[in-house]
Amino acid sequence: MKLSEMKEILSKRQIQLTKSLGQNFLHDGNQLRRIVDAGAIRPADNILEIGPGLGPLTELIAMQAGKVLAIEMDFRLFEVLKERFKTVSNVELLHADALAYLKGARHDWKDWKLVANLPYSVASPILVELAQAQACPERLVATLQLEVANRIMAQTDDDHYGLLTLLLQLRYQPTEIFKIPGSCFHPSPDVDSACITLVRRETPLLDPAASILFTRIVKLAFSQRRKMMLKLLKGSWPLDKLQLAFEKIGISPMARAEAVSLLQFVELTRMVSE
Ligand code: SAM
């Protein structure tokens with residue numbers, strides 16, 4: 001979809017873009033193709049797209065996938081999409097707040113992939129919601145703010161390493177990141193952008209009940225970044241149990257959460273739950 005085509009649709013329908021909904025539309029064909037390629041879409045795949053906007057990504061995905069479920073919150077854009085895709089049988093459009101939709105019911109995303117240029121303001125909660133679903137999608141390909149992308153892809157001791165890294169990497173392995181220049185969007189966003197790919201781990205590191213405990217532990221551990229993790233956790237679990245676990249796992253009692261790896265947090269969760 002060319003920029004001229006986007007501008008024409010917007011002006012014909014007198015649509016003023018809404019900044020708070022993150023309406024920065026991607027019009028660069030190469031970048032759109034790169035995002036779709038990152039989805040490694042097979043003909044039988046079900047693709048979830050959040051925030052289709054005017055549909056430039058939707059139309060490329062629909063050419064390769066078995067089915068596309070595209071959720072758009074802005075009714076004006078939903079109307080445009082309905083018109084554009086009325087003859088495309090494998091595209092299902094939903095007018096909804098995607099975050100509320102994801103939280104609202106238990107969905108089985110096991111055989112789904114996310115491929116989306118997300119609304120930046122809700123990108124993190126959307127990805128966390130999908131990653132924490134009991135049946136989470138097999139792949140997440142998301143365009144979002146570069147700063148958030150760096151947090152998701154980080155490794156221990158990176159400046160960006162933290163809660164978001166752990167909540168996503170518990171279920172997913174980060175595989176690819178590429179930046180997208182602001183000039184590829186209309187209008188150009190105020191922040192830098194990147195597209196990330198996360199692939200679901202073949203074997204979950206923790207079972208569902210332990211994953212809930214993991215979330216509790218990492219949230220508490222990162223609640224005050226500069227504080228020693230042991231001090232933050234000892235209000236919720238017996239100190240001797242924690243000390244023993246720290247020693248066995250090789251975590252210093254003085255360590256801050258940012259120095260503790262994903263696998264150490266996983267091990268800690270297992271030992272605390274015993
Ligand atoms: N996919 C299109 C593209 O690449 O050009 C548009 C991407 S734009 C960054 C984000 C889109 O998400 C906008 O169309 C916006 O209206 C929509 N949006 C914002 N918040 C949303 C929400 N909570 N649920 C669903 N869609 C939302």
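I started with asparagine 117: one of its polar side-chain atoms lies 2.8 Å from an oxygen atom of the ligand. I count a polar contact as a pair of N or O atoms within 3.5 Å. This is a predicted model, where local features need pLDDT of at least 70, side-chain atom pairs count only at pLDDT 80 or more, and totals for chains, interfaces and linings use all residues. Residues are numbered from 1 along each chain as its sequence is written, and side-chain values use heavy atoms, with hydrogens and water left out.

A polar backbone atom of glycine 53 is 3.4 Å from an oxygen atom of the ligand. For methionine 73, a backbone N or O atom lies 3.3 Å from a nitrogen atom of the ligand.

Then I checked cover. The ligand taken alone exposes 590 Å², and the protein buries 98% of that. These accessible areas come from the Shrake-Rupley method with a 1.4 Å probe.

Which residues come nearest? Of the 22 residues around the ligand, they are Leu26, Gly51, Glu72, Ala98 and Asn117. A residue counts as near if one of its heavy atoms lies within 4 Å. I sorted the shell: twelve residues are nonpolar, six polar and four charged. In this sorting, Gly is among the polar ones.

Last, I turned to glutamine 31. I found this residue in helix H2 (residues 29-38); a helix here is a DSSP run of at least four residues, H or I. Buried or exposed, I asked of glutamine 31? Glutamine 31 is buried, because its relative accessible area is 11%, and buried means under 20%.

Notes:
Polar contact = N/O pair within 3.5 Å; in protein donor to acceptor, adjacent residues only side chain to side chain. Helix = DSSP H or I, 4+ residues; strand = E, 2+ residues; numbered from the N terminus. Buried < 20%, exposed > 50% of the residue type's maximum accessible area, 1.4 Å probe, protein only.
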